[in-house]
Amino acid sequence: MKKIAPAVLSGDRKGILIAVLCLIHCVAGPVLLSFAGFASLIGISEKAEPLFVLSSFAIGTATLVPGYRHKHGRFSCLALFFCGLLFLVVLRRLRWVLVPDAIPTTLGAALIVSAHALNLKFSRQCECCRPRFARENLRL
């Protein structure tokens, strides 16, 4: 069984941490800001949102793309990740009247976390556990 590079594992863990922090910020932030003493934090909160999304994109791309290309060859991790980013960036900005911001944010963060968790799982599998198609593509 091949050893896994520690950088890949720590990259996935960092990606999970960033997605969870983004979820906490986006869901708990409005609750905290509703208190009068925290109203001055609105400017900081609005500046932190792009930072979370950009760092999640950077870590996710740097971790999931090499995992797909060199380790497991499964597209599901990338699909989950980019769907999660779609939820965070596009659907949340639509500001639908019937859908509160917390729902697309929660779904987006959950998709990103699951993409990193699957990437960890698939990267740890040995050569014999991989699907036949992925083994053939990785040898090309």
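Begin by selecting His-116, which lies in helix α4 (helices are DSSP runs of H or I with at least four residues, strands are runs of E with at least two, and both are numbered from the N terminus). What you have open is a predicted model, in which local features need pLDDT of at least 70 and side-chain atom pairs count only at pLDDT 80 or more, while totals for chains, interfaces and linings use all residues. Residues are numbered from 1 along each chain as its sequence is written, and side-chain values use heavy atoms, with hydrogens and water left out.

Is His-116 buried or exposed? His-116 has a relative accessible area of 0%, so this residue is buried (buried means under 20% relative accessible area, exposed over 50%, and partly exposed in between, with a 1.4 Å probe and protein chains only). Now show its surroundings: leaving aside neighbours within four places in sequence, His-116 is in contact with Gly-11, Asp-12, Gly-15, Ile-16, Ile-59, Gly-60, Thr-63 and Leu-64, where contact means heavy atoms within 4.5 Å.

Next, select the whole of helix α4, residues 102–124, whose 23 residues reach 33 Å from the first C-alpha to the last, close to the 33 Å expected at 1.5 Å a residue (the expected span is 1.5 Å times one less than the number of residues). Among the buried residues of α4 are Pro-104, Gly-108, Ile-112, Ala-115, Asn-119 and Phe-122.

From here, move to Leu-64, which, again leaving aside neighbours within four places in sequence, is in contact with Asp-12, Cys-77, Leu-78, Phe-81, Ala-115, His-116 and Asn-119. Leu-64 also belongs to the largest nonpolar core, which has 15 residues, and Cys-22, Leu-64, Phe-81, Leu-85 and Ile-112 are the ones that touch the most other members (such a core is a set of buried Ala, Val, Leu, Ile, Met, Phe, Trp, Tyr and Cys residues joined through side-chain atoms within 4.5 Å). Colour the helices separately and you can follow how α1 (6–33), α2 (42–72), α3 (76–91) and α4 each supply at least two residues of this core. Which helix gives the most to this core? That helix is α3, with five residues.

Now turn to the aromatic rings, where the structure holds two aromatic pairs (rings of Phe, Tyr and Trp, the last by its six-membered ring, pair if their centres lie within 6.5 Å, and planes under 30 degrees apart count as stacked, over 60 as edge-to-face and the rest as tilted). Select Tyr-68 and Phe-75, an edge-to-face pair with 6.1 Å centre to centre and 75° between the planes; Tyr-68 is partly exposed at 29% relative accessibility, and Phe-75 is exposed at 53%. Then select Phe-81 and Phe-82, which are also edge-to-face, with 5.1 Å centre to centre and 70° between the planes; Phe-81 is buried at 0%, whereas Phe-82 is partly exposed at 41%.

Finally, zoom out to the whole protein chain, which has five helices and zero strands. Of its 140 residues, 32% count as buried, and residues 24 or more positions apart account for 76% of the contacts with a separation of 6 or more.
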